[in-house]
Structures are given as C-alpha cells and as structure tokens.
Amino acid sequence: MRLRKTSFRQNTVIHIYQNTVEGGLIFYSEVDFIVFYTLFCTLAIKYRIRVLGLCLMVDHFHVLLIAESYDDMRDFIKECTRLYSRAFNKDVKRKGKLFKSSFGFASKKYDKNVRTAIAYLYNNPVEKQLTVRAIDYKWNFLAYSIDKYPFSEKIVLRRSSWALRRAVESVRAVYHKGKPLNYALLRRVMGKLEKGEKDSLIDYIVSLYNIIDYDKTVSYFGNFEKMVIAIEANTGSEYEIKEDRSVKSDVPYRRMVKFVRENGYAENIKEVIMLESNQKIVLINGIPYEDGITSFHIQKFFHLPMAKSNNISARNSN
C-alpha cells in the first residue's frame, strides 16, 4: 500500500482501472449503467473529484480524474464500488463481493501520457468491437461533450406524453436532492415509456448528472475536432496498470442478453446469475454458440467459476 500511495501525484491526471471478482459482468442493462453512472457523478462531487473521462464496459470501468489527495481518490472509488455492489446485490438478492478489493491506477506526469490515456479510455469499446468509432459508444460519454441528446430526440415537455413528463419530474426531484437514481425508480418510470421515449430519458439523465470536465480533456489536444482525430488515429496504450485481458470481442454479451431476454428474463436480465445450477444448464445449453459465444463469455455472463463453465456444456469448447 505504501508503494501505491507514494505513486499518487496530487493534482495530476490519474488513470484508474477497476475490475470485478472473477471477471463477472456488472452491467447487463441500461438500468445498471444508469444506476452506476448517477452514483459515480454524485460521489465525485462529494469527494471533490475532477473527472476528465469515464468509460463503462460490461465487466470493468476506466476513469481519468484529478484528486486533491490519495485518500480522496481511494475513498471515492471504494465508496462508489461498495454502494453499487450493494444496489446490484439487493436487486437480485445476491451476497458477496462484486469488485476486486484493490484497483489499478497510474499517475500521468506529462501531457503526452495524458493524451495516450485519453485515447485508451475512449477506445475501449472500439477494441472490444462494440462500435467502429469511440464517439458512437453511449457509455464512454464522449458524444455528450457536444450534444445533450446524441442518441435520441430532444425532450420537449409540452409535446411529451404524460408518462415521459412524469418520468422527467421524478428524475429531477432525485437529482435536486443530490442523490443517485435507484433501480426501483428507474424501472417504475421507464416501464411506462415507449422505446424512443426511453432513449430520450436516458440522454436526459446522462446530461443532467454529467460532471465530466470536457474542456479540460479537450485542452490536451487544442480543440474537440483534433481530439477526436487523435482518438480515432491511435487506440492508446496502458503499460502502467496491470489490466486483466480477456477475449477480443464483447459483442457476444449483447447476443446473450438478447437470447436471455427472449427466454423470460426481459425485466431484470442479471437475475440469471442467481438461477439454480440445473436452471442455468438448461438456459446455457440453448444459447446459439455459433454466434461467437465461448465458454469464457458464459463464465463471465453467469458469474461461474471458469472450471465449471468449461464443463457445463460439451459445446462450449467449440
């Protein structure tokens, strides 16, 4: 711990990487992403954290931040992961750790290192083949730097449905109390919306809670256009953090979500991790493995020990 603490540099950009226990998934649906995101933004204000970038992937997350002290940084990440774990576990009646006890971080002393870290963070979804361009991924929040509704139609309350107006009112009330959104509220308000309305509400929530200092991030490149060009030209690299590397593509997780949703778990997809073993076997054996899904994807999606996932179906090794 002493070595980790002494590697911290006050008021310097820090790249943080946080993985989960056994690599299990932490984000199965848009509701999961929003619960974590609003919690993250609320706590960043509490701990006086200046956020330059955030990227949420299905099984880990990256942050670029500036903190006044090591303790502020440590307590911010620990409280964020602890409270999200509590909410996640309560939502599916689960017990146990969700995130690893420690997180990786590296101080970026020079501007060149910061630019490389920015490219690395935003290109995570590109590396995992989820999007062709970094700006097209919703959960790295890059698109929100130039548009409050990058993935939907702008909400105009006087033209909106009663359900959408009520949803906005409910979200605003929680936000103005300085609190994050929870699963119960999100499911209640989103359950009454059409697909396009849900997309608009999500964009509204992200923009409302957003605390990312885009101006500071852009300043390392000169302007936004130059930053995007640099990000697209170079995926970046990270040699100072020991990051768990897994399979190349995260696309199979999307296919698994679709399959699970079509098989009776539409409201809360992550409930599948709490199924009895025989129920998991039935569900897993019906998954179309020709879509690139491997035993490794199965293990992470269902929170299975690797040895068990390798044996759960003979087809998994194909």
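Arg82 is partly exposed, with a relative accessible area of 41%. This residue belongs to helix α3, which spans residues 70-92, in what is a predicted model. The largest pocket of the model holds about 930 Å³ of space, and helix α11 supplies the largest share of its lining.

**Helix α3**

- The C-alpha atoms of Arg82 and Lys97 lie 8.7 Å apart, while the two residues are 15 positions apart in sequence.
- Because its relative accessible area of 41% falls between the 20% and 50% limits, Arg82 is classed as partly exposed.

**The largest pocket**

- The lining of the largest pocket comprises 32 residues.
- Those nearest the centre of the pocket are Tyr28, Ser29, Glu30, Val31 and Arg261.
- Four helices, α2 (30-46), α7 (183-190), α8 (195-209) and α11, each provide at least two lining residues.
- Five residues of the lining come from α11, which is the largest share.
- By residue class, the lining contains 16 nonpolar, twelve charged and four polar residues.

- In helix α12 (residues 277-285), the buried residues are Lys280, Leu283 and Ile284. Because they cover an arc of only 95° around the axis, they sit on the same side of α12.
- An α-helix has 3.6 residues a turn, so residues three or four places apart point the same way.
- The exposed residues Asn278 and Val282 are carried by the face of α12 that is turned away from its buried side.
- The packing partners of the buried α12 residues are α11 (251-262) and α13 (295-302).
- Helix α13 is mostly covered, with seven of its eight residues buried.
- The buried set in α13 consists of Ser295, His297, Ile298, Gln299, Lys300, Phe301 and Phe302.

**Strand β1**

- Tyr17 is located in strand β1, residues 13-19.
- With a relative accessible area of 5%, Tyr17 is buried, because the cut-off for that class is under 20%.
- The side chains of Tyr17 and Asn19 are joined by a polar contact of 3.2 Å.
- Tyr17 and Val168 are 151 residues apart along the chain, and their C-alpha atoms are separated by 32 Å.

**Strand β3**

- Both His60 and His62 are found in strand β3, and the strand covers residues 60-66.
- His60 has a relative accessible area of 4% and is therefore buried.
- The side chain of His60 forms a polar contact of 3.1 Å with the side chain of Asn124.
- His62 counts as buried because its relative accessibility is 0%.
- The side chains of His62 and His15 make a polar contact at 2.9 Å.

**Ile146 in the loop between α5 and α6**

- Ile146 is placed in the loop between α5 (124-127) and α6 (162-176).
- Its relative accessibility of 53% means that Ile146 counts as exposed, because the cut-off for that class is over 50%.
- Residues up to four places away in sequence aside, Ile146 touches Ile135 and Phe224.

**Positive phi angles in loops**

- Most residues other than glycine have a negative phi.
- Glu22, in the loop between β1 and α2, has a positive phi near 55° although it is a residue other than glycine.
- Arg48, which is not a glycine, has a positive phi of about 60°.
- The position of Arg48 is in the loop between α2 and β2 (50-56).
- Arg48 has a relative accessibility of 46% and therefore counts as partly exposed.

Terms used
Residues are numbered from 1 along each chain as its sequence is written. This is a predicted model: local features need pLDDT of at least 70, side-chain atom pairs count only at pLDDT 80 or more; totals for chains, interfaces and linings use all residues. Side-chain values use heavy atoms; hydrogens and water are left out. Buried means under 20% relative accessible area, exposed over 50%, partly exposed in between (1.4 Å probe, protein chains only). A polar contact is a pair of N or O atoms within 3.5 Å; within protein, one must be able to donate a hydrogen and the other to accept it, and residues adjacent in sequence count only if both atoms are side-chain atoms. The arc is that of the directions from the helix axis to the C-beta atoms. Contact means heavy atoms within 4.5 Å. On a 1 Å grid over the protein atoms alone, a cavity is a set of points where a 1.4 Å probe fits but cannot get out, and a pocket is an open set with protein on both sides within 12 Å along at least five of seven lines; lining residues have an atom within 4 Å of a point. Grid points are joined across faces, edges and corners, and a volume is the space filled by probe spheres set on the points. Ala, Val, Leu, Ile, Met, Phe, Trp, Tyr, Cys and Pro count as nonpolar, Asp, Glu, Lys and Arg as charged, and the others, Gly among them, as polar.
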